[in-house]
Amino acid sequence: MLPVISGPFVAVARKSAARLLLAFLGVQAAVIGGLVLFDALKHRRRTRRPDFPHPGVFDGNVADSAVTIYTYGEDLYAAMLAAIRGARTRVFLGTFIWKSDATGRRFREALADAAERGVEVFVVYDGFANLVVPRAFYRFHPNIHVYRFPVLRPSRLFTPLRSTGLDHRKLLVVDDETGFVGGYNIGDVYATEWRDTHVRINGPAVWDLRQAFVGVWNTVGAVPEISYDPPRAWDPHIRAVNNIPAHLVYPIRGIYLDAINRARHHIYITTAYFIPDKQILRALLAASARGVDVRLILPEDSNHVLADWLSRGFYTSLLREGVTVLLYRHAMIHAKTATVDGLWSTVGTANIDRLSLTGNYETNLEIHDEAFAADMERIFGIDSANCRVLTLSEWKERHVAAPVSETILVPLRPFL
Ligand SMILES: O=P(O)(O)OC[C@H](O)CO
């Protein structure tokens, strides 16, 4: 029989554990403060060049739908605004970030003009992501139906934490004929200073994006309810895959895992924030170990210092297993894309981190088409030319404070 430990021993043990935890949290806070300060100082010397490569606009077809890939904000926004200005019946727009700058105003005005001429307009934007934007900016034309995704929902106190996500999607659907989805939020900085990827669809596959918008609109109780529209086709070559926290479904993580585990030749991933969970990391390492050419494009310095440091905590195991880590330089790369074996592609709103893969509302396209994958790989090649290849020997020589900081930040991985 095990001895029963109780009384003063338990109290002392509890006190020591609490002290240790507090000390660790203090060290963690100090490390984060130090990194933020270090980053701010580095920021002054960091060169951001507007002349980073713009891979261009790529037109093609997937099954019966026309698909265009955009890789530069100004080109994309021009196409989105043209679609809104040409709308005849209905516009659905969802965005995570909507800045109150010139670009933000252009979208607001185009939507107001559409509503003025009788087009039904539905808008969703995320409350948390736009906390810093004055509320007055979101005073829309009175005929526009608006849903501000709430920062706090009291009803969520009675539902599982995992069902409370942010709306991280960037979606536009016009007249059920034209749809857009990808990494671009709405704002000036994204128009010219960030490298990102978005896709436009014309044709039957737009139904998927319509359903992505309408399904969540109705699920969260936005008004008025939008009627269901049955699909005109069901094409396995292109489909939208939706994370819907309210339904506790997160299939985007699943399509990534399946595609990585199926890879035989190569995996090319571009992601703004790389904080994979154990299974995604293991799948990538296993692919590399079986001879698959695994390449990751990540920002050398993103706009989130903490995300960068958490990401760096994975570099040693990636490099040891032969994964090629390509660090995008002199501009932020915000794309969320991947191709596998020149056959499978995904483009969407989900980063490879927990927030996206197990937390937020997200929409990714999953595309099985060689010509589309070839265009995506052309883009990957152009982006690679703007990257620095990180080597294991260089990584091992980083300042001794770096691995210590990376280790101290490990417990934060599940939160980002
Ligand atoms: O959450 P994302 O991927 O849309 O990125 C947003 C930017 O980080 C804004 O700071």
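How far apart do the end C-alpha atoms of residues 329–356 lie, and how much of the span is helix and how much strand? I looked this up first: the ends lie 24 Å apart, and the span is 11% helix and 46% strand. Helices here are DSSP runs of H or I with at least four residues, strands are runs of E with at least two, and both are numbered from the N terminus.

A note on the ground rules. I am working with a predicted model, where local features need pLDDT of at least 70, side-chain atom pairs count only at pLDDT 80 or more, and totals for chains, interfaces and linings use all residues. Residues are numbered from 1 along each chain as its sequence is written, and side-chain values use heavy atoms, with hydrogens and water left out.

**Annotations.** I found that UniProt, in an unreviewed entry, places "domain: PLD phosphodiesterase" at residues 163–190 and 329–356. The unreviewed entry also gives a "transmembrane region" at residues 20–41. UniProt positions follow the numbering used here, feature names are shortened, and annotations may be inferred rather than shown by experiment. I checked residues 20–41 in the model: the chain there is 100% helix and 0% strand, with end C-alpha atoms 31 Å apart.

**Ligand.** I listed the residues around the ligand (a heavy atom within 4 Å); among them are Phe 96, Ile 97, Tyr 273, His 304 and His 334. The shell divides into three nonpolar, six polar and two charged residues. In this scheme Ala, Val, Leu, Ile, Met, Phe, Trp, Tyr, Cys and Pro are nonpolar, Asp, Glu, Lys and Arg are charged, and the others, Gly among them, are polar.

Next I looked at oxygen atoms of the ligand facing side-chain N or O atoms. For His 168 the distance is 2.5 Å. For Asn 303 I noted 2.8 Å, and for Lys 336 2.8 Å. Taken alone the ligand exposes 300 Å², and the protein buries 85% of that (Shrake-Rupley method, 1.4 Å probe).

**Backbone.** I spotted a cis peptide bond joining Val 223 and Pro 224, with omega about 0 degrees. Pro 224 lies in the loop between helix H5 (206–219) and strand S9 (238–243). I also stopped at Asp 175, a residue other than glycine with a positive phi, near 55 degrees. Asp 175 is in the loop between strand S6 (171–174) and strand S7 (178–182).

Definitions and conventions
Polar contact = N/O pair within 3.5 Å; in protein donor to acceptor, adjacent residues only side chain to side chain.
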